Amino acid sequence: MVSELPLLDVFFGELTVHRASVYARLPRPINDEGVKIAGEVRGPRCRLAQTLPVSVSLVDLGQGPTLLARAVVPDPNFWSPDNPAIYDVTVNLLHHGKTLATSRRSIGFRPLGARKQQFRSEAKNWVLRGVGAGSTTATMPAEWQSTASAYIADYHVDRFVEASELGVPAIADLNPQQDIPLQLRQLALHPAAAMAIVRVPPGTNFKLTGIAPNLLLAQAVLPRVPFAPQAWAHAIWAESADPAVLSNLQANFKLPIVAIRKLAAPLAIGDARAACDDLQRDLASVGQFAGYVV
């Protein structure tokens with residue numbers, strides 16, 4: 001569906017086993033008299049299991065720097081590879097009760113975050129093991145699901161929709177020559193989207209804090225450029241398997257580090273996934289990292 005509200009952000013805040021707070025946010029117009037957000041959150045739906053959906057209303061939160069509405073979903077189903085539960089969010093922009101525009105979004109409750117040098121999921125350390133689209137002869141996210149691998153690729157709407165429905169964590173490599181905030185908003189449409197890789201051209205300062213709040217942002221280490229994490233960076237995407245490079249990053253930055261090894265040629269998906277484990281073993285003498293990707 002093409003959104004009639006292109007600047008709409010839908011995201012979750014508080015997330016526990018008992019409740020999830022879902023927010024819809026829009027820029028506030030200059031003349032905002034009688035303007036508010038309404039709608040509902042309905043779900044879960046799951047391609048892999050039967051579920052009993054519930055509906056919760058979005059309630060406008062009144063005055064503030066943006067238009068903002070919230071729904072509190074009881075007993076939320078977390079989105080996971082075993083249970084890719086998706087909630088559908090309908091957002092109506094109202095003016096004195098009349099609907100000006102309507103948009104539908106999907107959201108998945110992923111309890112994924114970063115703490116010190118580790119990724120955390122449901123209060124436990126989570127190690128990323130991923131296979132890039134260029135490292136395997138596989139083409140469809142279902143093949144990543146069969147090997148419990150994260151899907152890493154340039155953004156493609158159909159692939160990310162499929163990953164969301166199948167429970168495949170997806171990581172998008174953003175194009176630094178295009179609008180980064182717009183790309184993040186596109187990614188946020190997909191429950192599977194767990195992380196975005198951001199390549200920062202030298203001398204550039206991206207202001208990304210607050211955009212797509214449920215996405216982790218990994219800042220890439222660029223060749224021959226001294227690394228300095230920006231304020232929004234949740235993790236370091238280190239395209240190197242050089243122990244010296246990784247040890248230096250680990251010693252100097254208290255962020256999760258994802259180690260990447262480039263393969264000589266694309267492999268079958270099972271062999272590519274096994275190469276992640278090989279990379280972890282090869283780096284064991286250096287330390288434990290937050291992720292291993294080929």
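Start with strand E1: with 3 residues, E1 gives the most to the lining of the second largest cavity. The model is predicted. That second largest cavity has a volume of about 90 Å³.

Now look at the residues themselves. Around the second largest cavity you find Leu 8, Asp 9, Val 10 and Phe 11, among others. Arg 105 and Ser 106 also line it, as do Arg 185, Ala 188 and Leu 189. Ala 212 and Pro 213 belong to this lining too. By class, the lining of the second largest cavity holds 7 nonpolar, 1 polar and 3 charged residues.

Turn next to the largest cavity. Its volume is about 130 Å³. The lining of the largest cavity is made of 16 residues, and the closest to its centre are Val 10, Arg 110, Ala 188, His 190 and Asn 214. Val 10 and Ala 188 are named here, and both also line the second largest cavity.

Which strands each supply at least two residues of the lining of the largest cavity? They are E1, spanning 9–15, and E7, spanning 98–107. E1 gives the most here as well, again with 3 residues. The lining of the largest cavity divides into 11 nonpolar, 4 polar and 1 charged.

How many cavities of 30 Å³ or more are there? The count comes to 3. A probe the size of a water molecule, rolled over the atoms, shows where empty space is left.

Terms used. Residues numbered from 1 in each chain as written. Predicted model: local features only at pLDDT ≥ 70, side-chain atom pairs only at ≥ 80, totals over all residues. Heavy atoms only, no water. 1 Å grid on protein atoms, 1.4 Å probe; cavity = no way out; pocket = protein on both sides within 12 Å on 5 of 7 lines; lining within 4 Å. Points joined across faces, edges and corners; volume = space filled by probe spheres on them. Helix = DSSP H or I, 4+ residues; strand = E, 2+ residues; numbered from the N terminus. Nonpolar A, V, L, I, M, F, W, Y, C, P; charged D, E, K, R; others polar.
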